[in-house]
Amino acid sequence: MNFLLRVWRQPNAKARGKLVDYEARDISPNTSFLEMLDILNDNLLGRGEEPIAFDSDCREGICGTCSLTINGEAHGPDHPAAVCELYMRKFRDRATITIEPFRVRSFPIVKDLVIDRRALDRIVQAGGFISARAGSAPEANSIPVPKHDADLAMEAAACIGCGACAAACPNGSAMLFTAAKVSHLSLLPQGNPERVTRVLKMVQVMDAEGFGNCTNTYECEAVCPAEISASFIAKLNREYARASLRRSAGE
Amino acid sequence: MIVAITGIILIIFVIGHLLGNLQIFLGPDWINGYSQHLRDLGPLLWAIRIFLLLTVIIHIYVTIQLAIENRRARPEPYIDRQYAKATFASRHMVMSGLIVLAFIAYHLAHFTVRITDARFALLKPDPLGHYDVYSMMVYGFKSYLVSGFYVLGLFLLTLHLSHGSSSFFQSLGLNDKKLTPRLALGGRIFAWLVFVGYTSIPVAILLGLVKAAQQL
């Protein structure tokens, strides 16, 4: 298969970027999208040109490092999948493919398609943890957790923190990410003691990082490679309202 | 959350106003009596009007602030952009809302303050001594231009409500995974019922199904 790629090239954070055209030739349909970029980079290196910088790590959809907007969709057209799980057979032969970074003010571009997502780390640092030392794994049935809660917490914990939610959101909002992190801890007995301060602090840092506001378009859940449901955002709204009431009641 | 609560208040008004207006199909006595009843409320009517005005102002002020923050959150737009799920209505709430605001301003000048149509002052009271709202509506909607703008305003309100009337459940956290798609469908159906309900009045008047109770 052959493709015409229009790739965002930006030498550093301060420089102005632009789309540059490249041709990817003789690509097997079973090549993954990132492997296709590797092949293109080999060719560029062979010609003495600067290779395209992009992020990737595990390449099996569990680390959340890859972060490309392909033809205007975060992680490309094959939802729910991260870019590393996207194969070239999804595209038509001789298709034109536009590749841009995740575009959110809070994710500044480092180079080409590489972005700095430490804003998400700072949201987690604000309260996405349990302060008490939990020690090693306890005996499985020593703390009973209702099945429904355990399942829901597991669903939320599937978030790999890639930031596609904010990238896809028309408003650049990181609500789905924050909602997943808040929900997964608040549903479990271990996370319950810090439930009120956690949601207040995490939302405060999320706003301070310059993310936009949720207007319930649900674009985030459509692109999420971990299939986090936007109903966790409703849960975050509930948690936040509950915590604000408790805080104003003097707790 | 403020947007959701003010939105709910405005939705309740939209429903109440629609039920009031539909009385035109029950004849002049009904709707003229109903509007006399509203005017007889006196200070309470003004309290409701001021409350609604404040609600509109808060709804708009907060959403414009949010929209400015949202714009700042993505200073460099995507060159190519595809939406996987976000509807046209949900992405254009500010646009549809502001056009509806312009429509409301005209609508109030037209039927409440009655400064756009000199004929409304010539209407005689109906046999029961009430202002003839029935005939006022008929003469008001006889113009294709006025009715056309009314339908356009209602269409944008429908667009606004097809997102807004289910979106507030999410903002207030009153839903879950199963309920959300049902609420979204219900919101869309509600919005189109509002559209059909309101636009049935000018359509019926233009088709000659509802005729003025008095000649000018």
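What share of the contacts in chain A with a separation of 6 or more comes from residues 24 or more positions apart? The share is 69%, where contact means that two C-beta atoms, placed from the backbone, lie within 7 Å.

This is a predicted model, in which local features need pLDDT of at least 70, side-chain atom pairs count only at pLDDT 80 or more, and totals for chains, interfaces and linings use all residues. Residues are numbered from 1 along each chain as its sequence is written, while chains are lettered from A and ligands numbered from 1 in the order in which they are written.

**View 1. Chain A as a whole.** Chain A has 8 helices and 7 strands. Both are DSSP runs numbered from the N terminus: helices are H or I with at least four residues, strands are E with at least two. Along the principal axes, the C-alpha atoms fill a box of roughly 65 × 40 × 35 Å. Of the 251 residues in chain A, 44% are buried. A buried residue has 20 or more other C-beta atoms within 10 Å of its own; an exposed one has 12 or fewer, and a partly exposed one falls in between, with C-beta atoms placed from the backbone.

**View 2. The two domains of chain A.** Domain 1 covers 3–111 and domain 2 covers 118–248. These bounds come from an automatic or database domain assignment. The domain centres, taken over C-alpha atoms, are 29 Å apart. Contacts link 19 residues of domain 1 to 18 residues of domain 2. The domain 1 side of this contact has 9 nonpolar, 7 polar and 3 charged residues. Here Ala, Val, Leu, Ile, Met, Phe, Trp, Tyr, Cys and Pro count as nonpolar, Asp, Glu, Lys and Arg as charged, and the others, Gly among them, as polar.

**View 3. The largest nonpolar core.** This core has 72 residues. A nonpolar core is a set of buried Ala, Val, Leu, Ile, Met, Phe, Trp, Tyr and Cys residues joined through C-beta atoms within 7 Å. A:Cys165, A:Ala174, A:Leu176, A:Cys220, A:Phe232 and A:Ile233 touch the most other members. Helix H5 (residues 175–186) of chain A gives the largest share, 7 residues. Domain 1 and domain 2 of chain A each supply at least three residues. Leaving out residues up to four places away in sequence, A:Ile233 touches A:Met175, A:Leu176, A:Ala179, A:Cys214 and B:Gln170.

**View 4. Where chain A meets chain B.** In this interface, 33 residues of chain A are in contact with 29 residues of chain B. Strand S5 (96–101), helix H7 (219–223) and helix H8 (231–248) of chain A each supply at least two residues to the chain A side. H8(A) gives the most, with 7 residues. By class, the chain A side has 10 nonpolar, 16 polar and 7 charged residues.

**View 5. Two packed helices in chain B.** Helix H6 (residues 133–141) and helix H8 (residues 179–206) of chain B pack at about 75°, with axes 9 Å apart. H6(B) is therefore roughly perpendicular to H8(B), a label for angles of 65 to 115 degrees; under 35 is roughly parallel, over 145 roughly antiparallel, and the rest oblique. Axes are lines fitted to C-alpha atoms, for helices over the stretch in contact, and angles run from 0 to 180 degrees between N-to-C directions. B:Met137, B:Val138 and B:Phe141 in H6(B) meet B:Ile201, B:Pro202, B:Ile205 and B:Leu206 in H8(B). This contact has 7 nonpolar, no polar and no charged residues.

**View 6. B:Phe13.** B:Phe13 lies in helix H1 (residues 2–21) of chain B. B:Phe13 counts as partly exposed because it has 15 C-beta neighbours inside 10 Å.
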